[in-house]
Structure formats: C-alpha cells, structure tokens
Amino acid sequence: MALAYSTLTYWLVNHPYIANFTWTEGETFGSTVFFVAIVVSLYLSATFLLRYVVISLPSLGPKILKPITAVHSLILCLLSLIMAVGCTLSVTSDPTMRLFHTICFPLEVKPKGPLFFWGQVFYLSKILEFGDTLLIILGKSFQRLSFLHVYHHATVVILCFTWLRNRQSMFPVALVTNSTVHVIMYGYYFLCAVGRRPRWKRLVTDLQIVQFVFGFVLSGWMFPEHHFGSGCSGVWTIYFMGAFNGSLLILFFNFRSKNYANKTRLDIGERKQL
Ligand SMILES: CC(C)(COP(=O)(O)OP(=O)(O)OC[C@H]1O[C@@H](n2cnc3c(N)ncnc32)[C@H](O)[C@@H]1OP(=O)(O)O)[C@@H](O)C(=O)NCCC(=O)NCCSC(=O)CC(=O)O
C-alpha cells in the first residue's frame, strides 16, 4: 500500500516535469487568448457545418463508430481518473499546503507546480472532449446535439483557460469534483458503446447536478475570506464560473425533468397497480 502510494506520488506529483512545471502565458502550449478563440471558433463552426454536411453523406454505421466511441470514452474515463488522483495527491502529499489553499489561493500565488500542471492537463482534456460532438454528428444522433451539449463543450474550454491565466482560487476543487464525475460519466458512455447500457443513467445526471451545487456551497466559504480576510487570487473569474455553473444547473434540471419524469410516473403507476 505504502509502495503504491509513493509510486503514484512520484509519477503524479514529484516527477521533475510536474514539480517544476510553470504555466507561462505565450510559452506553455495553448496559453494565449488567440489559441482559445481559434479553438472555440473552430469547434462551433465545424459543429454547425458538419451537422449539415453529414446529413447528405452515407452513414458510417455502428460497426465502425461504436468501437471508436468506446475507445474515446475509455481514454477520457481513465484520463479523468488520473487527473482526479493527481490533483488530490498534489494537495495531500504537500505538507506546506493547507486544504483551505485549494479554495482560496493567496493573492501572490505563482502559476507553477503540480496543481497548475493538472490544471493545464484538465484544460487540454476539454479540447479532447470535442471528440464527443464529432462522434454524435458522425453517428447522426442529432437529437443528442443539444444546446446543453454544445454550450458546455465550448464554454468549459474558456473557463479552464481563465483558471490558469487568472490563477483562480477554487479550481483544484472544481477539477477534482468534475474529473470524478467524468470518470463515472465516461464509464457510462463506454458501457453504452460496448452495448451494455447501464441502469444508473439518472445517477450520472444527479451527480452532475450535485457537483454544481457543491461549487456554490464552497464559494460561500471562500467569499468571506476574500472580502474580510487576506484575499483570494483570481476572484473575478469565480463569478464567471458561478454564472456558467448556474446556467448548467438550470439546463441539467431541465434535462432531468424531460428525461426521467415519465420514468418516475411509470414507476408510481406500476406501484399503484401492485
Ligand atoms: C447521463 C448523461 C451523462 C448523458 O445523457 P445522454 O442522454 O446524452 O445519454 P445517452 O443515454 O443518450 O448516451 C448513450 C449514447 O451515447 C453514446 N456515446 C458513447 N460515448 C460517447 C461520448 N463520449 N460522447 C457522446 N456520446 C457518447 C453511446 O454510444 C450511446 O449511443 P446509442 O444511444 O446510440 O447507443 C446526462 O446526465 C448528460 O450529461 N446529458 C447532457 C448531454 C451531454 O452532452 N452531456 C455531456 C456533457 S455535459 C458535462 O459534461 C457536464 C459536466 O461537466 O459534468
């Protein structure tokens, strides 16, 4: 157990590349406003263009698409697990780090070390998630190309970039909770792609909702320290994160009521008949 812990801590925290990582605007890969603007514009235009081009093309068919979807989902499931563990260990294995620092970075925090390394990996993983949209379009599952899906995938890249650029407090907690939820979500997608549709779809949606509520609860802990204490780094982007999480919360409640309301009514009906 101790060997597993020290091996993981070495490869995910203390490896010289991770320990000495510094996020430098204009030098680190993808670290400019221009890069984010191009990536998000390309994503949105390719999504809208491909949607209309693909309609007129013959379907790729599930035999080709399902294995690709399964591999893509498995990669993101495992990557999410590594990011959640790596970021957690970055906090727990550092004796100088107070847990409260993950919610409120000191104003003079420097964008370097393991936490910012995992912030960078998380940011780039959000670009890899664009593959979800491509697979939905190629599979012609246009009903799943919802506003919620496209809005989430485009905006989250901007959000993660602002975490790093603005040294935003609370990002480590958001990273760990979102990655943990995504282990389960991509696990669900993987099982669907290999033809074993789980019965716990609603649990995935509920966990997604809980993560957004959890974010709001933690802000209630951070804001007093920022306003009445020594201050926290990058607070203006927390307002952006709050607005994004609030909008997703509304969209997810809407998704939940549309997708599971009938099921609940059916369950009640079945129980009455018994
Ligand atoms: C349970 C959910 C995770 C997914 O709901 P859906 O209605 O999209 O799910 P579903 O049952 O139709 O999904 C199964 C289908 O997805 C296909 N599929 C497999 N892997 C996929 C992937 N990586 N991306 C997109 N689709 C994929 C399967 O092959 C299967 O197709 P077939 O049916 O043909 O067999 C839900 O809670 C949700 O998030 N809904 C919003 C839609 C969405 O895009 N969510 C992800 C981004 S938002 C997000 O990620 C928020 C967050 O940060 O937590």
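These legends walk through several close-up views of one predicted model.

Residue numbers start from 1 along each chain as its sequence is written. Because the model is predicted, local features need pLDDT of at least 70 and side-chain atom pairs count only at pLDDT 80 or more, while totals for chains, interfaces and linings use all residues, and side-chain values use heavy atoms, with hydrogens and water left out.

**View 1. Helix α6, a mostly covered helix.**
Start with α6, which runs over residues 130-138. Helices here are DSSP runs (H or I, at least four residues; strands are E, at least two), numbered from the N terminus. Of the 9 residues in α6, 7 are buried; buried means under 20% relative accessible area, exposed means over 50%, and partly exposed is in between, with a 1.4 Å probe and protein chains only. The buried ones are F130, G131, D132, T133, L135, I136 and I137. Who does the covering? The cover includes α3 (33-55), α4 (62-92), α5 (114-128), α7 (147-165) and α8 (171-193).

A polar side-chain atom of H149 sits 2.6 Å from a ligand oxygen, one of T205 sits 2.7 Å from a ligand oxygen, and for Q208 the distance from a side-chain N or O atom to a ligand oxygen is 2.5 Å. On its own the ligand has 1,100 Å² of accessible area, and the protein covers 89% of that; such areas come from the Shrake-Rupley method with a 1.4 Å probe, and for residues only the protein chains shown count as cover.

**View 2. Aromatic pairs.**
The structure holds 23 aromatic pairs. Rings of Phe, Tyr and Trp (its six-membered ring) pair if their centres lie within 6.5 Å; planes under 30 degrees apart are stacked, over 60 edge-to-face, and the rest tilted. The rings of F29 and F35 are edge-to-face because their centres are 5.3 Å apart and their planes meet at 65 degrees. F29 counts as exposed at 55% relative accessibility, and F35 as partly exposed at 22%. Y43 and F130, by contrast, are stacked, with 4.1 Å from centre to centre and 20 degrees between the planes. Y43 is in α3 and F130 in α6, so this pair ties together parts that are 87 residues apart in sequence. Y43 and F130 are both buried. Elsewhere, F105, F116, F122, W163 and F171 make up one aromatic cluster.

**View 3. T9 in helix α1.**
T9 is found in α1, residues 2-14. Is T9 buried or exposed? T9 is buried, at 6% relative accessible area. A polar atom of the T9 side chain lies 2.6 Å from the backbone oxygen of Y5. Setting aside neighbours within four places in sequence, T9 is in contact (heavy atoms within 4.5 Å) with N14, L89 and S93.

**View 4. T69 in helix α4.**
This threonine, T69, has its place in α4 and is partly exposed, with a relative accessible area of 21%. The backbone oxygen of L65 is 2.7 Å from a polar atom of the T69 side chain. Beyond its neighbours within four places in sequence, T69 is in contact with L135 and A193. T69 and M185 are 116 residues apart in sequence, yet 13 Å apart in space, C-alpha to C-alpha.

Notes:
Polar contact = N/O pair within 3.5 Å; in protein donor to acceptor, adjacent residues only side chain to side chain.
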